[in-house]
Structure formats: structure tokens, C-alpha cells
Number of protein chains: 2
Amino acid sequence: MSDITFNNPNLPIGIFDSGVGGLSVVREIFQQLPDEEIVYFGDTGRYPYGTRSVELVTKLALENAALLMDFNIKMLVVACNTASSVAMEALSKRIPIPALGVVRPGAYAAARATRNAKIGIIGTNATVNSGSYQKVLKSLSPNIECVARPCPLFVSLAEEGWTIGPVAKMIAETYLADLRVSGIDTLILGCTHYPLLKPVIANTMGEGVTLIDSAEATVAQMSRIMDDAEGLRNDSKKPEHKFLVSDAPDRFKEVGERFLSQKIPDVFKVALDTR
Amino acid sequence: MSDITFNNPNLPIGIFDSGVGGLSVVREIFQQLPDEEIVYFGDTGRYPYGTRSVELVTKLALENAALLMDFNIKMLVVACNTASSVAMEALSKRIPIPALGVVRPGAYAAARATRNAKIGIIGTNATVNSGSYQKVLKSLSPNIECVARPCPLFVSLAEEGWTIGPVAKMIAETYLADLRVSGIDTLILGCTHYPLLKPVIANTMGEGVTLIDSAEATVAQMSRIMDDAEGLRNDSKKPEHKFLVSDAPDRFKEVGERFLSQKIPDVFKVALDTR
């Protein structure tokens, strides 16, 4: 990443996700990099990505990146594990600014955290089936053992707001049963929705297992990249963020405020060029 | 509906849904109208519809209808409660063949079934919020009292195949708690995914409540319309069905065979004209 340059560090950072999940990355930016300005695009008209094909997710990711490029962004963050798992190569080839996904930072953080080299991965069907986390982990250390499990219902649970209580607990116990007895000491929350379920997942896995939130690791990595390449915003003006969606802005605002634990300003609906 | 005519009864029936759910209508066609030929389109590249806006669902429905019209169909069936709830008027204006949704037949069947004029409706957020079933029921009898409840997680449960067992039971008990004490004697399963959960819903609601499956009622209504207007297929050739999707044909085949309880032939991926 040594050849990264920022022509104008005061431009905003572009972030997209299939919907509200990527706001977990925004929350981390607000905490770790409060001076940065963001343009967030939630593809609510076409979510979820986790059950779609590799070809379609790649196409959607390229369209989203093109939309954000029109806002003159300095860096692209793919705040969606599914798109990060399958579309980073296509994106990096097509866009002329630094692009960062959540998979690589999450995998690095897990490799640093594990003591017994046994790492669990949970995510959507597409993320788990892509083997993206496993590939990065194996490249870091061939000794690392991976146990992966898709947990598709976690997304619906988070969207429904049922993040605690008996239903969440029973679903977590069902999905995580094998992981609990697998001997892992580190578990990657490989979907941006899952941090909302952190308490129930932590409780189910028990104290000996460290949970890795890709959002946290991704923003730490963004911070290092921008710091190294003199890309951090230094404008004294207060940042003005933009939130865009492809459908149902009101619902995004409502669910999104739960994700961010704070108010979201106006959410604008945009039309995508899908040709 | 007296002005309905069929120029050629041997043409296929076009059916669309946001994904696999509409196969519950196909299953009924195979049983009630085994001589009919169908072209089914599952919009798997853009599902689910239940959380999208009225404008977007209407746009998608019109695009799906245009796709099916290219296959020279004699009748259009909207096998999706969400699209049937918000897009039938727009569809009827735009297409020159008979179009039938699942809402009206489901509401009629419920009105016939109830004895105490208290009817429950469960469905997606979009269907319940549209008030579509309530409007038809009130037009049939202003005395009918309706109690409606969105149950969004039921769709994910059906897709995941968790249609029985403790998780399904607990979610059903949570969603249906108010309906159980509301005094309804009839419950409309207002989403084509829900018939897969019939046993757990029946069990939760108890013996006194009749469940109305819109698919069954819709195909009975199709049968009457075609019979009245001499539109039933009379070709001695065995019908050849077509299954089309907008993404991930393999996944459609896998989940779809669970819906149909029988094998599905080749599933073809088609491109939609979204301009």
C-alpha cells in the first residue's frame, strides 16, 4: 500500500453497503476519525447482497462505486463483507483512488488476537462460501485453522430489532453450537449487521472467545493509510456528512439510527445508472 | 370480470414473484389445473419486495410483467402479496391480458370462512401497511373486523428451511401473541412464503382458527375465470413449463424444490430491461 497518495485530503470518504449494516463502519469513523467527512450510500433498493451471485454482487459494487466517485471522494470503503469478499479486485482495477474492504482488516485483527491459531468466521452465505477470510488468514499464517458458518437469520434479527431476548439467544445457540465445541479462541463477525448482536453472540460463545468486529479494524486501517500518505482531513470547517439510499429513505433513517445510536440527518434517495 | 376473453387458450400462464414464494401458487396450479402450461419468473436478483417502497415495487412489477409478455402469455398471475397489494392497478392499466393478484382471492376466501366476522392478516411490512386485504374485506362487508400483524422474520425462516422446531415455534409465538387473544376465527397467510410454516402457525393459533392460504384461493379463482371465458388449455400435448430467475438459478432450484416438494427442470437466468 506504499504507493497510495491523496491529492486533496479534504475531500470526503465514500462508503457503501447493501443497506444500513455499513453504518457500523460510520460509527467507528465518527469515534476514531471525527474530523473526516463522509458520503454514505446504502443500496436499500437492492439489498441484501448475501444471497446473491458473485457476478451480480460485483456488478452492484461497481455501480455503487461509480455513484460515489461522482461525489469527488478521496477514498472508497466497502463497508459490506459480501462485496468485500467478492468484488475488491474488480473495484481496484476500475477506480483510480484507494479502495479498502472490511475483510482484510478483519482477518489481520483476528490473526493478531488468536493465541491457539484457531479462528471462527461467521457471515452471510456469500461471504462464507467465497472463502475470503480463510484466504487472507492462510496467507498470513498457513498454520491457522478456520471454522466457518453462515448465519443468515442474524441479518433479519438485526433488521427486526430483536437483538436481545429469547429468540436471538435460541438462534445464536443453534448457529453457534458447532463453533462452541470447535476450540476456536477468536471469532470474526464477518457481516456488518452482526455487531448489533454482539452481546448475545459473546454470551453464547463464552468468555474464552475474542470477538472481532471488522468495522473497528477497518477504520483503524483507514486511519493508518491516511496518516502514512498525508491523507487526513485538515479543514477547520465542521464535516458535513451525506447519506444516500436507493429506496425507502425513511426506513433507512429509522433502522440506521438504531445502528448509529444517534440521529441521522436528511437521507436522500438517488437513482442508479444500472446500464 | 365479465369482459375477459382469451384469444388462444393454449398459450401459457405467466406468473411472477419476488423469488421462490410464488411457487406455492405453481404447486396449486399443478394440482388444480394440471393441463395448464406456465412461465414462472422469480425476481431473485431484486427480492425481497416486502421491505421496499410502493414506488419501487410498482416499477419492479411492471418490468416483470413486460418480461413475461414477451413469452406470449394468456394471463398474468402476480403470485406475490406485496406486489398484489400495491401494483395491480398499474399493471391492469398497462397490460392487455387478464391480470390476477393473490390478495383479492385470499380476502374473498377469508370472508367466506369467517363465522364471527373477525379476521386476522399476517404478511410483510409492505403488505400489512398497504391495508390491501383490509380494503377488500371492508368492501365485502363493512362489519368485518380486521387485526393485522407484519411477521417479517417468517420469510427468512422459510428461506433457511427452519419451518419446524423450537426457533420457528418461539418466533411464531412472539408474532402471534396479540392475534391469539384477539378473538379472530380466520387468519389470512398474506405472504406466499407462509404456507411453508402452516403447521407451526396452526399449532400456535389453536384449533378454532381457520388458516387461509391465498395460493389455493387464487388458483380456484383462475380456474373460474378461465372456465367462464373458455380460456382453459385444451392442447393434448403435455405442458412444458419454464422457470426463469434474475439471479442465482442454482439456489432457486434448491429452495424451490423444497417449496414444490418436487423436482424443478432447468432454471434459466434472464436479464431485465430496467430502463
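## The interface between the chains

In this predicted model, 20 residues of chain B are in contact with 20 residues of chain A. On the side of chain B that touches chain A, the elements that give two or more residues are α8 (153-160) and α9 of chain B, and the largest share, five residues, comes from α9(B). Sorted by class, this side of chain B has eight nonpolar, six polar and six charged residues.

Of the interface residues of chain B, 100% are also interface residues in chain A, so the copies meet through the same surface.

## The six-stranded sheet of chain A

Chain A holds an open sheet of six strands in the order β4-β3-β1-β2-β9-β10, with parallel pairing. Its edge strands are β4 (99-101) and β10 (267-269) of chain A, each of which pairs on one side only, and the twist from one strand to the next averages 20 degrees. Within this sheet, strand β1 (residues 13-17) and strand β2 (residues 38-42) of chain A pair in the parallel sense over five bridges, and the bridge partner of Phe16(A) in β2(A) is Phe41(A).

Two helices of chain A can be described against these strands. Helix α1 (residues 23-32) of chain A lies across β1, β2 and β3 (75-78) of chain A and runs at about 165 degrees to β2(A). Helix α2 (residues 54-69) of chain A also lies across β1, β2 and β3 of chain A, with an angle of about 145 degrees to β2(A).

## The four-stranded sheet of chain A

Four strands of chain A form an open sheet in the order β6-β5-β7-β8, and here too the pairing is parallel. The edge strands, each pairing on one side only, are β6 (145-150) and β8 (210-213) of chain A, while the twist averages 25 degrees from one strand to the next. Strand β5 (residues 118-123) of chain A is paired in the parallel sense with strand β7 (residues 186-190) of chain A over five bridges, and Ile122(A) stands opposite Leu189(A) in β7(A).

## Helix packing

Two packed helices are described by the angle between their axes and the distance between the axes. In chain A, helix α5 (residues 103-113) and helix α7 (residues 132-140) pack at an angle of about 50 degrees, with their axes 9 Å apart, and α5(A) and α7(A) are therefore oblique to each other. The crossing in which α5(A) passes α7(A) is right-handed. On the side of α5(A), the contact is made by Val103(A), Arg104(A), Gly106(A), Ala107(A), Ala110(A) and Ala111(A), and on the side of α7(A) by Ser132(A), Tyr133(A), Val136(A), Leu137(A) and Leu140(A). By class, the contact of α5(A) with α7(A) has eight nonpolar, two polar and one charged residues.

In chain B, the axes of helix α9 (residues 166-180) and helix α10 (residues 198-205) come within 9 Å and cross at roughly 45 degrees, which makes α9(B) oblique to α10(B). The crossing of α9(B) and α10(B) is right-handed. Its contact is formed by Ala168(B), Lys169(B), Ala172(B), Glu173(B), Leu176(B) and Arg180(B) of α9(B), together with Val200(B), Ile201(B), Thr204(B) and Met205(B) of α10(B). The class counts for the contact of α9(B) with α10(B) are six nonpolar, one polar and three charged residues. Helix α9(B) is also the element that gives the largest share of the side of chain B that touches chain A.

## Backbone geometry in the loops

Most residues other than glycine have a negative phi, and most peptide bonds are trans. In chain A, a cis peptide bond joins Tyr47(A) and Pro48(A), with omega at about -5 degrees, and Pro48(A) has its place in the loop between β2 and α2 of chain A. In chain B, Tyr47(B) and Pro48(B) are likewise joined by a cis peptide bond, with omega at about -5 degrees; Pro48(B) lies in the loop between β2 (38-42) and α2 (54-69) of chain B.

Asn72(B), although not a glycine, has a positive phi of about 55 degrees, and Asn72(B) is found in the loop between α2 and β3 (75-78) of chain B.

Key: Residues are numbered from 1 along each chain as its sequence is written. Chains are lettered from A and ligands numbered from 1 in the order in which they are written. This is a predicted model: local features need pLDDT of at least 70, side-chain atom pairs count only at pLDDT 80 or more; totals for chains, interfaces and linings use all residues. Axes are lines fitted to C-alpha atoms, for helices over the stretch in contact, and angles run from 0 to 180 degrees between N-to-C directions. Angles under 35 degrees count as roughly parallel, over 145 as roughly antiparallel, 65 to 115 as roughly perpendicular and the rest as oblique. A crossing is left-handed if the near helix is turned anticlockwise from the far one by less than a right angle, and right-handed if clockwise. Two residues are in contact if their C-beta atoms, placed from the backbone, lie within 7 Å. Ala, Val, Leu, Ile, Met, Phe, Trp, Tyr, Cys and Pro count as nonpolar, Asp, Glu, Lys and Arg as charged, and the others, Gly among them, as polar. Two strands pair if DSSP finds at least two bridges between them.
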